[in-house]
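The following questions and answers examine a single protein chain. Please consult the sequence and the structure while reading each answer.

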Amino acid sequence: CRDPRWDSWDRNFTLLQAALFTHTVCKLLDNNDVSRSIQFHIPACSGCRDHLSTCTMQVFVKHGSTDVQVSLSDISSVTNLKQQLEQLTGVLFRNQKLIYKGKVLEDGSNLQTYKLADGAKIMLLASAAQQAKGLAANRAPLKTAAGAKAGTASTAGSSGSSLLADKMANMAAKRASATAAGGSTAASTSNIADRRAVWNKIGIIALRDMQLGDLQPGWLTGVDNARAADISHNRLISLPQTLCNLSSLSSLNVSHNHLQDSGIPWQKLCTGLNQLTSLLLGHNQLQALPACLSLLSRLVQLGLQSNSLRQIQAGAFKGLGQLEVLQLQDNELEQLHESLGCCTRLVALNASSNSLSSLPDSLCSAAKLQVLVVNNNRLTSLPSQLLVGCSSLTTLSAHNNPITVKYLRNAPGYEGYEARRQAQASKQIEGRVMTDLSKAFSEGADVEQWQRWAAGPTGLGSDGSGRAGHR
């Protein structure tokens with residue numbers, strides 16, 4: 001047990017005393033509470049160095065009626081455990097809550113903080129949103145190439161528990177395969193055929209949140225009568241040409257993907273899907289909007305928010321006479337084209353969080369426009385006849401712009417707009433929605449009116465003075 005480092009200790013210690021001391025420390029290292037604090041400071045003999053090394057332990061995680069066995073180091077963190085459980089159960093990291101002996105395991109904490117030992121039993125709770133998504137995904141899970149290798153989760157219980165465990169294993173295998181293959185998910189022909197049969201019955205192509213990295217062209221054949229397609233929340237960078245053949249589609253949702261301009265066959269899409277009334281392309285990586293978009297003359301809703309749009313080609317809105325809702329927020333637009341005036345039925349326009357310095361004068365022809373949101377831009381003025389031409393406008397939000405309240409009050413048609421706004425506000429159920437002065441449109445002038453309205457049906461308050469707050 002001799003070690004040269006002991007020579008620096010007090011010379012009064014004998015070799016025997018040093019050996020006994022070292023042996024005692026090595027015994028103490030069996031106690032996890034002290035091992036971490038002294039393992040790097042106390043030398044040990046070669047026969048006892050195993051006490052200083054980390055140990056692998058097994059913990060059992062109860063999730064519903066399934067027991068999942070996890071192997072990890074005794075110095076692992078709660079974050080490491082949750083990451084493993086995400087792969088084994090399919091429950092997303094952010095939706096997990098782990099409970100051990102009545103205590104919730106906090107992210108970032110060490111497992112030793114909660115004195116977890118080998119064979120510890122932990123309960124896993126998933127959020128309601130995760131459970132609903134899991135049930136939907138489990139109805140017809142895609143069979144992946146890694147499905148046969150799934151088996152990291154050990155199940156216990158009745159046949160019902162085994163069935164649930166198999167579904168969870170399929171989900172975990174699908175997620176692992178998607179990650180390993182860069183987000184592409186393989187599916188058997190028979191499985192897709194079964195899905196197509198369901199799609200034909202319900203008229204909806206459902207591929208939402210499947211971690212798809214690409215969409216095989218053959219998957220969309222034989223579903224020509226589909227009315228809606230939801231392919232959102234995946235990892236797609238392009239859309240197949242066969243999607244443009246679904247001429248019966250009235251709704252297409254491909255938001256929350258990684259779509260780029262080169263990955264969308266715009267001309268074929270706008271020509272083949274001319275029955276679309278709803279097109280959702282938000283949360284992608286688009287930079288330009290082509291002029292051929294005007295071919296979608298039946299569009300009622302167009303979602304383009306949270307992209308990287310910098311350019312809208314001339315005439316892109318020219319044929320969208322039926323458009324009612326346009327979402328352009330969170331992009332990089334510096335101007336809106338005059339063709340926006342062709343959207344004569346526009347009801348709501350959100351163009352906040354861009355770099356707009358002005359709005360097109362043609363917007364004044366949108367007589368049905370009710371909601372206009374242009375927060376967080378660079379607007380110093382509005383079209384001179386905006387409040388006159390937009391005779392249905394009841395909500396105008398222009399916070400965080402150089403434009404001033406004084407300018408708005410002096411704009412033509414402001415009195416009519418203010419009357420409409422107050423009439424609309426009087427229909428609200430909650431009477432104190434405008435009590436926050438920072439959010440009041442006219443510097444708090446209408447807050448007292450709201451408080452009067454909330455005081456009673458007569459609007460005079462409890463003392464009849466008409467002033468809010470008097471008792």
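Q: In which loop does Ser353 lie?
A: The model discussed here is predicted. In this model, strand β14 covers residues 348–350 and strand β15 covers residues 371–373. Ser353 belongs to the loop between β14 and β15.

Q: Is Ser353 buried, exposed or partly exposed?
A: A residue counts as buried under 20% relative accessible area and as exposed over 50%, with partly exposed in between. The relative accessible area of Ser353 is 24%, so this residue is partly exposed.

Q: Is Asn400 buried or exposed?
A: The cut-off for an exposed residue is a relative accessible area over 50%. Asn400 has a relative accessible area of 60%, and therefore it is exposed.

Q: Which are the edge strands of the open sheet of nine strands?
A: The strands of this open sheet follow the order β6-β7-β8-β9-β11-β13-β14-β15-β16, with parallel pairing. An edge strand pairs on one side only, and this applies to β6 (204–206) and β16. The edge strands are thus β6 and β16.

Q: Which residue in β9 is the bridge partner of Ser251?
A: Strand β8 spans residues 251–253, and strand β9 spans residues 278–280. The two strands run parallel and are joined by three bridges. In β9, the partner of Ser251 is Ser278.

Q: Which residues does Cys55 touch, not counting those up to four places away in sequence?
A: Cys55 is situated in the loop between α2 (32–38) and β1 (56–63). Its C-alpha atom is separated by 8.1 Å from that of Ile75, which is 20 residues apart from Cys55 along the chain. When residues up to four places away are not counted, Cys55 touches Leu72, Ser73 and Asp74.

Q: What percentage of the residues in the chain is buried?
A: The chain has eleven helices and 16 strands. A residue is counted as buried under 20% relative accessible area. Of the 471 residues in the chain, the buried share is 43%.

Note on methods:
Residues are numbered from 1 along each chain as its sequence is written. This is a predicted model: local features need pLDDT of at least 70, side-chain atom pairs count only at pLDDT 80 or more; totals for chains, interfaces and linings use all residues. Side-chain values use heavy atoms; hydrogens and water are left out. Helices (H or I, at least four residues) and strands (E, at least two) are DSSP runs, numbered from the N terminus. Contact means heavy atoms within 4.5 Å. Buried means under 20% relative accessible area, exposed over 50%, partly exposed in between (1.4 Å probe, protein chains only). Two strands pair if DSSP finds at least two bridges between them.
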